[in-house]
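Thanks for coming. I will go through one structure this morning, pair by pair, and then step back to the whole chain.

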Amino acid sequence: MADNLLLPKAKPALYAAAGLLLLSGIAQTAFSAEHDGARQSAKPVAAEAGNPIIKNKYTADPAALVHNGTVYLYTGHDEAAPRQEGYVMHEWLCFSSKDMVNWTEQPVPLRVKDFAWAKDDAWASQVIERNGKFYWYAAVEHGTIHGKAIGVAVSDSPTGPFKDARGSALITNDMTTEAKISWDDIDPTVVIDGNNQAYLFWGNTICYYAKLKPNMTELDGPIKKVEGLKNFTEAPWIHKRNGWYYLSYAYQFPEKTAYAMSRTLDGPWEYKGILNELAGNSNTNHQAIIDFKGQSYFIYHNGAISPDGGSFRRSVCIDYLNYNPDGTIKRIVMTTEGVKPAK
């Protein structure tokens, strides 16, 4: 746990550095001009094979949803200037693909300002579908309650636009007091089990979880702590295969990806080891895992775009994920070639 605390202790200084730039009149004016009325038509991403998959923008913290034969990729948008050491993130992006190689960039579906109660920091998020609606769980900085918070937006379409589903945060820092930091309420992931019970997992240094009501916008019971995760830092992601639940997460700092397995979402979770090594020159390592057209995929970010890529200008990549006969996962092989078109 002591190693994990190195990550959150470093972050407030980074927020402050990013904030100084954003508070300048020039930066604010440019930001408003760029984002007001920015909803445009969808457009194909330049077809350049290999990793990173998006090369015209910096993208981070990937989440993915498979719906009606299409993969929807949701990312944060790193907007820090070259050589600026701090996260600058105001919006989330959406890309769609029918083959995991050719991507279409959708109009910006959600911004921090769509949560009237939020201040800034469009951090990691995930979208899930239930009963024909799409729910977007996103981490932001709360405007009045100190610390990070999790909001929920909703849309009738996986590409949005999304709107605040509650008018208030679902999770705020004063609801989780065990971790003595203000950024432990980040990186939400949502899963629905075989009994149609939805669960929300999230956290930094502590992995929290709670049940959600069928409306997907309220907690249904107490907030609990996941046990058995070795060196948990952040970025939980849940997926299911052949009766096993897999909880992958960022491990230590700089971050690798590790994972645990359980037969139920309430545990017990058994730690299984490292899944992905350090992701190039990015201190963070954030994953999504999906199955599509008979193949499993590991979606992550690194800092590979030259000349200015790095921890605050990240880029999403995709490589194959494979299992051993006993259900454990083989280590990810990160490649520059990436994946071939799924058929």
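Tyrosine 320 has a relative accessible area of 31%, so it is partly exposed, since it falls between the limits of 20% and 50%. Keep in mind that this is a predicted model. What about tyrosine 297, buried or exposed? Tyrosine 297 is buried, because its relative accessible area is 2%.

Now the aromatic pairs, which number 17. In one of them, the ring centres of phenylalanine 115 and tryptophan 117 are 5.4 Å apart and the planes meet at 50 degrees, so this pair is tilted. Phenylalanine 115 is buried at 1% relative accessible area, and tryptophan 117 is buried at 11%. Back to the two tyrosines: the rings of tyrosine 297 and tyrosine 320 have centres 5.7 Å apart and planes at 35 degrees, so that pair is tilted too. Tyrosine 297 is in strand 21, residues 295–302, and tyrosine 320 is in strand 22, residues 315–321, so the pair ties together parts 23 residues apart in sequence. There is also an aromatic cluster, formed by Tyr74, Trp92, Phe115, Trp117, Trp136 and Phe162.

Arginine 241 lies over the face of tyrosine 323, 3.8 Å from the ring centre. The charged end of arginine 263 sits over the ring of tryptophan 244, at 3.7 Å from its centre.

Next, salt bridges. Side chains of opposite charge can pair when their charged atoms come close. The structure holds 14 salt bridges. One of them joins aspartate 78 and arginine 314, with N to O at 2.8 Å. Where in the chain are these two? Aspartate 78 is in the loop between strand 3 and strand 4, arginine 314 is in the loop between strand 21 and strand 22, and they are 236 residues apart. Aspartate 78 is buried at 2% relative accessibility, and arginine 314 is buried with a relative accessible area of 2%.

Another salt bridge is between lysine 43 and glutamate 105, at 3.8 Å from N to O. Lysine 43 belongs to strand 1 and glutamate 105 to strand 5, 62 residues apart. Here lysine 43 is partly exposed at 37%, whereas glutamate 105 is buried at 3%. Shared partners join Lys43, Lys57 and Glu105 into one network of salt bridges.

Two single residues next. Histidine 142 is in strand 9, residues 133–142, and is buried at 7% relative accessible area. A polar atom of the histidine 142 side chain lies 3.0 Å from the backbone nitrogen of isoleucine 145. Beyond four places in sequence, histidine 142 touches residues including Trp117, Lys119 and Thr172.

Proline 188 is in the loop between strand 11 and strand 12, and is buried at 4%. Proline 188 and glutamine 126 are 62 residues apart in sequence, yet their C-alpha atoms are 6.6 Å apart. The contacts of proline 188 also include Tyr137, Ile150 and Trp202.

Last, the whole chain. The protein has 2 helices and 22 strands. Of its 343 residues, 59% are buried. Among contacts between residues at least 6 apart in sequence, 53% join residues at least 24 apart. The protein exposes about 14000 Å², with carbon and sulfur atoms supplying 52% of that area.

Technical notes:
Residues are numbered from 1 along each chain as its sequence is written. This is a predicted model: local features need pLDDT of at least 70, side-chain atom pairs count only at pLDDT 80 or more; totals for chains, interfaces and linings use all residues. Side-chain values use heavy atoms; hydrogens and water are left out. Helices (H or I, at least four residues) and strands (E, at least two) are DSSP runs, numbered from the N terminus. Buried means under 20% relative accessible area, exposed over 50%, partly exposed in between (1.4 Å probe, protein chains only). A polar contact is a pair of N or O atoms within 3.5 Å; within protein, one must be able to donate a hydrogen and the other to accept it, and residues adjacent in sequence count only if both atoms are side-chain atoms. Contact means heavy atoms within 4.5 Å. Rings of Phe, Tyr and Trp (its six-membered ring) pair if their centres lie within 6.5 Å; planes under 30 degrees apart count as stacked, over 60 as edge-to-face and the rest as tilted. A charge sits over a ring if NZ of Lys or CZ of Arg is within 6 Å of the ring centre and within 35 degrees of the ring normal. Accessible areas come from the Shrake-Rupley method with a 1.4 Å probe; for residues, only the protein chains shown count as cover. A salt bridge is a side-chain nitrogen of Lys or Arg within 4 Å of a carboxyl oxygen of Asp or Glu.
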